Amino acid sequence: MSTAAKMIQGTPVLGKMFKVNGNDDLASINAWPSLIIMTSFVWLAIALLLGVSMPIIQYFGLNIFLFEFYTALTLHGAAMTFPFAFSLMVGVSLHRAGACMGKKADGPLVVLYYIFMNIGGLLFTLSVLAGFKITYTVMFPLPVVGAQMGVWPMWSVVLGFTGIALILVSMIILYPIQILQMIFWGKKHDELELSPRTLNDPGMLGMLIAVLVLLVSGLPLIVTASSVLLYLYGIFPAAWIGWAVTPVVFQFVFYIFAHNLMESMAIMIVSAVYGTLPLYLADGTRKLYSDKLANAALWILLITSVTSFFHHFYTMFPALPSTFSFHGNVMSWGTGIGGAFTIFTILATIWKHGLRPEPGVMMILAGFVIYCLDGVTAMIIGNVAMSYHLHGTLWVGGHAMTVLLAMSLMWMGVLYHHYPVLTNRNPDADKCRQSYRMYFIGGVGMMYTFMAGGAMGIPRRISNWVESGYMGIGVFILIFGLILSYGISMFFVTLSKSREITT
Amino acid sequence: MRDFIYEDGWGAFVVLLFFHIPFLIFFCRIVYKKAFVNTGPSGTAPEKYPKIEIMWISTVAVLFILVNVLSVVYMPPVSTAALTKSGTPFQEVDITAKSWYYDMSSREVEVGVPVKFSAKSGDTVHGFSVYHPDGRIVFTMMLMPGMESPTTLVHTFEEPGEYKVRCLEYCGIVHHAMQDLLVVR
Ligand SMILES: [Cu+2]
């Protein structure tokens, strides 16, 4: 039995939900993906607890251990984005890639991914507990400035950067290379090829585009961040890294990656939707309305998204020349055209062939609706004029949160679809329906609450809601946060109530 | 109306709903109909699809272009550049932001006369955001340390009052308290 299967078995509670048969033919596409997914849900539980605690921390002015606002904020954002949302995607997509191409998903790169992502997450958590409160966007040069001002110890910066570096390597190098290897080089095993697909298939094309985006947009950050890290370790002299610690250099390479990370995750999930939706068509067609249109949407998303990252810097004119602002504006709205293509493809497919409303596919569609709603919020802050009233408010934080919630819900739907093969058990359909309904209400409610907060001018990342008269919004965040948490816990129940498939 | 859309956070919220509501109605109706009412093949003739496709994409494209083209004159970089070139006299306020306070060359400006704000950061990334006395954001600026030229914006205040200044870029554990006041007379 593989190490991964043993680790799952040894895990209390969650182990039961993700138990795989570690000895059968499919173990090599099931065991590690299942472990990665299971661990991502542990991080989700932590992120959820911290998220719900934030309005409570604000209201009572708490300052105990994890329950201090900026600690909770930093850990919530980091846990939600990297070891949860990204890892959930990695786990499900590895299984998907394996089953579509008949390739193993348990090589050294997968193992290293798992170790780097989770140890990285742990190290970063420890550094935050030691005082390193920088939010999940790092806000460079804040890490160094904070240490110089004595706000947090220098060793926490070293620890935090080590964690960040491990996470970055796992996302930018290990995972993309693993997928590329599965697409192009790995040895094919016929017994693993459960639903064969080629690169002409939008479901596979999107996966390829997504990992290439990660690799290409992330490499500059790997070079920059590792230079800083090697300096922190005392290996590089200060003279070598002057360029890397220039705030504008670090910020730009950071956002070129961070922005495209989200875009690549979006392309990846859209392609998974393209791959999964046809399997639930009522007339048994098993084909999208048009593969061409679907692929066109992916290409448009790719081309427009890569350089739309300028929208993170509109409000620093003229340091960001207006040419780049306008370019960012046009490209940001261009992603909307890609989105419109996707919406058309999905609706035309459903309209033409009818839909079997199984919980998995409905969950995916619920996530897709949130994803489209969020896309509009993104385009609005992607407009230069509107950005000058909204940048740095809850609107922006709400957009980041909502896109992650949307993608995660879609991945949970895709997981529901793959779960029987993954674990040889059928998940509980009724609980799943409850789960996505509550998740949808909670997620959409949170989105509108954050957008309203942004419209009101509430700054994001401030710990004095009560004093500033913003607690009303906090109450709504708490209410919808609890509904969302209920929806997510119902998903745990969906999996824990699964029943063995007997043939 | 356009002033409201492009100069007020709630205007942006209205634009949001303008796109959201038709989408939600459209999407949910189709899914509901084809998943729960009648999953049988739909009667739409195959040659009709490309027409609907073109209609849908062009509607979206026109809306997108409209929203963006109409916004151009409201873009602060555009109005700032125009005013700087026009030779209109303006007041100047120079700002240096540091953790967690502002050094400002002046905290009082005149109503109706353009003010040129030039802001720099002395340590980490900060924001310089001016709030109208009614609570909405008049404008926000992002200040990146180490830049040669300051972040610049020209704004003409139409109403006197006390305008709150806040940092909107997370800058550490006292970020929330990084506030100041600008008086418009
Ligand atoms: Cu600040």
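This is a predicted model: local features need pLDDT of at least 70, side-chain atom pairs count only at pLDDT 80 or more; totals for chains, interfaces and linings use all residues.
Figure 1. Picking them out in the view gives His126(B), Cys167(B), Cys171(B) and Met178(B).

**Figure 2. Geometry at the copper ion.** Here we zoom in on the donor atoms, which are ND1 of His126(B), SG of Cys167(B), SG of Cys171(B) and SD of Met178(B). The angles between the four donor atoms run from 90 to 128 degrees, so the arrangement is tetrahedral. For orientation, the ideal angle for four tetrahedral donors is 109.5 degrees.

**Figure 3. Where chain A meets chain B.** In this view, 81 residues of chain A are in contact with 77 residues of chain B. Together the two chains bury about 6,900 Å², with 75% of that on carbon and sulfur atoms. Look for Trp351(A), Tyr388(A) and His389(A), the residues of chain A that lose the most area to chain B, together 11% of what that side buries.

**Figure 4. Polar contacts and helices at the interface.** Between chain A and chain B, 27 residue pairs are in polar contact, while the count of salt bridges across the interface is zero. The elements of chain A that give two or more residues to the side touching chain B include helix 10 (247-276), helix 13 (359-381) and helix 16 (429-455). Helix 12 of chain A gives the most, with 17 residues. By residue type, this side of chain A divides into 57 nonpolar, 20 polar and four charged residues.

Terms used: Residues are numbered from 1 along each chain as its sequence is written. Chains are lettered from A and ligands numbered from 1 in the order in which they are written. Side-chain values use heavy atoms; hydrogens and water are left out. Contact means heavy atoms within 4.5 Å. Buried area is the accessible area (1.4 Å probe) that two parts lose on being put together, summed over both. A salt bridge is a side-chain nitrogen of Lys or Arg within 4 Å of a carboxyl oxygen of Asp or Glu. A polar contact is a pair of N or O atoms within 3.5 Å; within protein, one must be able to donate a hydrogen and the other to accept it, and residues adjacent in sequence count only if both atoms are side-chain atoms. Helices (H or I, at least four residues) and strands (E, at least two) are DSSP runs, numbered from the N terminus. Ala, Val, Leu, Ile, Met, Phe, Trp, Tyr, Cys and Pro count as nonpolar, Asp, Glu, Lys and Arg as charged, and the others, Gly among them, as polar. Donors are N, O and S atoms within 2.8 Å of the metal (3.2 Å for Na, K and Ca); water is not among the atoms, so sites may look incomplete. Four donors count as tetrahedral if all angles lie between 85 and 135 degrees; four count as square planar and six as octahedral if opposite donors are over 155 degrees apart and all others between 65 and 115; anything else is irregular.
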